[in-house]
Amino acid sequence: MGWFNPPYTIRTWAVFLEKAAKEVAEGRAGILVGLVPKDDSGEHIGQLFSENAYRIELSRQLPFFKKATKKKGVVCAHVVETIRGNQLVVFGKGGKTRRFLERLVDELHALGFITADQLRHYQEQYALAPRLQNDEPKDPPVPPAPSGPPPRSPQSGTVGGGEDTSPKPRKRKAAPAANSKTGIAWATETVNPFKGCSKVSPECKHCYAVGWAARHQAQGSRGYAGTVKDKTFTGTIGVVPEVVDKLRLVTSERVFVNSMSDTFHAKVSDADVRAVFDAMTANPSDSQFLVCTKRADRMAAFSQGYVIPDKVWCGVTVGCRESLHRLDDLRRVKAKIRWVSVEPLLEEIDIEPWLADGTVNWVVVGGESGPHHRPMDKAWAEKIARACQKHNVPFFFKQWSARTPKKDVEYPPTIDGRVWQQYPVMPK
Ligand code: SF4
């Protein structure tokens, strides 16, 4: 183990980095952590970084520590004040370093130094296992969930107008939400009894669930065996009965069920679909359950022979024109709340006919995130917002398209100067 005092100036950074890398390579240091300026200037430094270090860019400044800390002989950490933005640089090799990184990114996320999207990004980039006690990462607090019209005062809007339609890089501090355990802004918890899926339409192209499933599979987590091969879903679905049972007891405002799979996937047996709905039905709490599928025809058929309780909201994904047919299937779904997840919105679509005829009770719109996010035109989202206003359908605008929407662009996003986070009015 070694201790380093990283020099303050960029000119001497190369010396520190070389020394750190050498210590680790020669086994004299286990893991070295440095908080360094976000500046890779200089070919030499860039090479050292890319070849020897894990780097984690922080979305806000860490406090200045005069003293380094160490825990159980694992970490040698020096934290220095920086002037160009922060990134943590970690030197180390092997499983020990990997396990340390897994804990580190989790803790950074829990403390708000990296967002949920960044957490996912680093877990993917460095092949880190997610926390296994929870399928889905926590996120910084999201704004409270108003029902009815948004509270912010409207400003003059230019929906569909000729002005600049790109999202403005403004950031808004989110107010804390009560008891939210998920980064999905419109839900408060996720429960995933089914594991695995298969891609079925353009919205699935960059499905984040694949990476999570691959890591769980590698860790031997229950239900994930055989779900992923060559970085893609195999179509094998694992079912974990204990998680099905969790639906009987969970208490949370809006529970998103199977956020990492598809409840109506063809490989899921009728008995397992029924078990999930039985569990939600039996739950005695006031929890609402949100189911969303891309296998809308099966959901419609299922609902003909099952009394879906009002607390189960049945939704379909429609992010492009070729998926609009799912709204016709949704029309046949026997459920009180029927909704559409327009995520990721990939092109201009017209859902107004299904708003006008009462098929859809709630609309969620969001752009794609991640390193390969596809762009979303502002006008596409505005068009849907306008249609929802016209037909008095609650509208939830989740995010613009960006690598990390909560960090890179306006968040929460606005249309007409307003944050749109409406929910369906629950039936009496
Ligand atoms: S249906 Fe959902 S979980 Fe399945 S591949 Fe598509 S995006 Fe992923």
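Tutor: Take leucine 330, which is found in helix α9, residues 325–331. The model is predicted. Leucine 330 counts as buried because it has 24 C-beta neighbours inside 10 Å, and 20 or more are needed for that. Leaving aside neighbours within four places in sequence, leucine 330 is in contact with Ala296, Val316, Arg338, Thr359 and Val360. Tryptophan 354 is 24 residues from leucine 330 in sequence, and the two C-alpha atoms are 9.2 Å apart in space.

Strand β13 covers 338–342 and helix α10 covers 352–356, and proline 344 lies in the loop between them. Glutamate 343 and proline 344 are joined by a cis peptide bond, with omega about -10 degrees. Another cis peptide bond runs from tyrosine 411 to proline 412, with omega near -10 degrees. Proline 412 lies in the loop between α12 (405–408) and β16 (414–415).

Asparagine 258, in the loop between β10 (254–257) and α7 (270–282), has a positive phi near 60 degrees. Asparagine 392, in the loop between α11 (378–390) and β15 (395–399), has a positive phi near 55 degrees. Asparagine 258 counts as buried because it has 25 C-beta neighbours inside 10 Å, whereas asparagine 392 is exposed, with 8 other C-beta atoms within 10 Å.

Terms used: Residues are numbered from 1 along each chain as its sequence is written. This is a predicted model: local features need pLDDT of at least 70, side-chain atom pairs count only at pLDDT 80 or more; totals for chains, interfaces and linings use all residues. Helices (H or I, at least four residues) and strands (E, at least two) are DSSP runs, numbered from the N terminus. A residue is buried if 20 or more other C-beta atoms lie within 10 Å of its own, exposed if 12 or fewer, and partly exposed in between; C-beta atoms are placed from the backbone. Two residues are in contact if their C-beta atoms, placed from the backbone, lie within 7 Å.
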